[in-house]
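Hello,

Here is the structure I promised to pass on. My notes follow below it.

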Amino acid sequence: MPFIDVRELSIYYEIHGAGPPLLHISGSGGDLRRTAPAQSNLNDDFQGLHYDQRGLGQTSAGEGQPTMADFADDAAALCATLGWSRCHVMGTSFGGMVAQHLAIRHPE
C-alpha cells in the first residue's frame, strides 16, 4: 500500500493509468477503499493520482481542525513530493472546493 509522508501527515495514495498527470481530489466520502480508483474512467486518458484527504480513509488526520488552506497545501505538497511539478486538477464535491483553493494558493 503506497503511503507517503507529507507535511505532518501519512497520506495514502494510488496512481493509475497513463497519459498527462491528473490529480483527482475526492469528496469528503471519497475513501479510496470504497471508490475503486483503479476502475476510474479518468485513468483511460490520464495518469491519475488519487488520494485520501487528511482524516479520511487511510490518511492520518494531523493536529487541530484543518482549514481549506491545509487541504490545498496537502495536495500541493503531495504532488511536489511525488515529483509532479505541474498537473491537471479535478475535484469532486468537497474536492472541488479544495481544487479551487489549490489553484489560488499554488497557481504554479
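Serine 93 is found in the loop between strand E5 (88–91) and H3. Helices (H or I, at least four residues) and strands (E, at least two) are DSSP runs, numbered from the N terminus. The model is predicted, so to speak of local features takes pLDDT of at least 70 and side-chain atom pairs count only at pLDDT 80 or more, while totals for chains, interfaces and linings use all residues. Residues are numbered from 1 along each chain as its sequence is written, and side-chain values use heavy atoms, with hydrogens and water left out.

**Positive phi**

Serine 93 has a phi near 55 degrees, a positive value in a residue other than glycine. Its relative accessibility is 63%, so serine 93 counts as exposed. The cut-offs are under 20% relative accessible area for buried, over 50% for exposed, and partly exposed in between (1.4 Å probe, protein chains only).

Arginine 7 also has a positive phi near 55 degrees, and is not a glycine. Arginine 7 sits in the loop between E1 and E2. It counts as partly exposed because its relative accessibility is 42%.

**Core**

The largest nonpolar core has 21 residues. Such a core is a set of buried Ala, Val, Leu, Ile, Met, Phe, Trp, Tyr and Cys residues joined through side-chain atoms within 4.5 Å. Ile11, Leu23, Ile25, Leu49, Tyr51, Leu78 and Leu102 touch the most other members. At least two residues each come from strands E1 (3–6), E2 (9–16), E3 (21–25) and E4 (47–51), and from helices H2 (68–81) and H3 (94–105). H2 gives the largest share, 7 residues.

Take leucine 49. Leaving out residues up to four places away in sequence, it touches Tyr13, Glu14, Ile15, Leu22, Leu23, His24, Leu78, Cys79, Leu82 and Trp84. Contact here means heavy atoms within 4.5 Å.

**Threonine 59**

Is threonine 59 buried or exposed? Threonine 59 counts as buried because its relative accessibility is 6%. It lies in the loop between E4 and H2. Its side chain reaches the backbone oxygen of aspartate 52 at 2.6 Å. A polar atom of that side chain lies 3.0 Å from the backbone nitrogen of tyrosine 12. Beyond four places in sequence, threonine 59 touches Ser10, Ile11, Tyr12, Asp52, Gln53 and Arg54.

**Cavity**

There is 1 cavity of 30 Å³ or more. The grid is 1 Å, over the protein atoms alone; a cavity is a set of points where a 1.4 Å probe fits but cannot get out, a pocket is an open set with protein on both sides within 12 Å along at least five of seven lines, and lining residues have an atom within 4 Å of a point. Points are joined across faces, edges and corners, and a volume is the space filled by probe spheres set on them.

The largest cavity holds about 40 Å³. Its lining is Leu9, Ile11, Tyr51, Asp52, Gln53, Arg54, Thr59, Phe71 and Asp74. E2 and H2 are the elements that give two or more of these residues. By class, the lining has 4 nonpolar, 2 polar and 3 charged residues. Nonpolar covers Ala, Val, Leu, Ile, Met, Phe, Trp, Tyr, Cys and Pro; charged covers Asp, Glu, Lys and Arg; the others, Gly among them, are polar.

The largest pocket holds about 290 Å³. Of its 15 lining residues, Ser85, Arg86, Cys87, His106 and Glu108 are the closest to its centre. H2 and H3 each supply at least two lining residues. The lining splits into 11 nonpolar, 2 polar and 2 charged residues.

Best wishes

Key: Polar contact = N/O pair within 3.5 Å; in protein donor to acceptor, adjacent residues only side chain to side chain.
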